[in-house]
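Thanks for coming. I will take one structure today and go through a few of its features in turn.

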Amino acid sequence: MTQKNEGSCQCGAVKFHISGPFESFFLCHCSRCRKDTGSAHAANLFSTVAKITWLSGEDRIKTYRVPESRHEKSFCSECGSAVPGIQMDGALLVVPAGSLDTPVDIRPNAHICLSSRANWDDGLDEVTRLEGLPG
């Protein structure tokens, strides 16, 4: 049975379907991924065999590549949400885990680029946890 996932951006303009398995799942702490997400790390799934079908909004996708690097991010031009991108001349599908509307069935393989992680990204498991907003 082929693995299937559905996903979308925040505003719903971009919708997609992915057929096939993810081979890896990394939480990247490099400064570029932190800038992309505005958070402690990016959470991306990778596949060399899965296929993406754009259901809507493919024309609204923009891709930014950091000059003189392999680092790029695809996003919805309406709401700015990260969306999948095809990289390495079509050889690699990169899917932001948060863009999926279906459950992610694999656990992250590793935290990567920890040498450049944010100075506040240490001991986060000790920070108070709330089920909703504070207050």
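**Loops, core, cysteines and pocket**

E68 is found in the loop between strand 6 (61-65) and strand 7. Keep in mind that this is a predicted model. The phi of E68 is near 55 degrees, a positive value in a residue other than glycine. Most residues other than glycine have a negative phi.

D89 has 87% relative accessibility and counts as exposed.

The largest nonpolar core has 18 residues, and V14, I18, L45, V95 and L100 touch the most other members. Strand 2 (15-19), strand 3 and strand 10 are the elements that give two or more residues to this core. In soluble globular proteins, nonpolar side chains tend to be buried together.

Which residues is I18 in contact with, leaving aside its neighbours within four places in sequence? They are Q3, K4, N5, A50, K51, I52, L93, V95 and L100. V95 and L100 in that list are also among the core residues that touch the most other members.

On to the cysteines. How many disulfides does a search of the whole structure find? It finds zero. A disulfide here needs two cysteine sulfur atoms within 2.5 Å. For C11, the closest cysteine sulfur is that of C9, and at 3.6 Å it is too far for a bond. C11 is partly exposed, with 44% relative accessibility. C79 is likewise in no disulfide, with the nearest cysteine sulfur, in C76, 3.8 Å away. The relative accessible area of C79 is 31%, so this residue counts as partly exposed.

Last, the largest pocket, which holds about 760 Å³ of space. It is lined by 33 residues, and those closest to its centre are N44, H71, E72, Q87 and V94. Several elements give two or more residues to the lining: strand 3 (24-28), helix 1 (31-37), strand 4 (42-47), strand 7 (72-76), strand 8 (82-83), strand 9 (85-87) and strand 10 (92-96). By class, the lining of this pocket has 16 nonpolar, ten polar and seven charged residues.

Technical notes:
Residues numbered from 1 in each chain as written. Predicted model: local features only at pLDDT ≥ 70, side-chain atom pairs only at ≥ 80, totals over all residues. Heavy atoms only, no water. 1 Å grid on protein atoms, 1.4 Å probe; cavity = no way out; pocket = protein on both sides within 12 Å on 5 of 7 lines; lining within 4 Å. Points joined across faces, edges and corners; volume = space filled by probe spheres on them. Helix = DSSP H or I, 4+ residues; strand = E, 2+ residues; numbered from the N terminus. Nonpolar A, V, L, I, M, F, W, Y, C, P; charged D, E, K, R; others polar. Buried < 20%, exposed > 50% of the residue type's maximum accessible area, 1.4 Å probe, protein only. Core = buried A, V, L, I, M, F, W, Y, C linked by side-chain atoms within 4.5 Å. Contact = heavy atoms within 4.5 Å.
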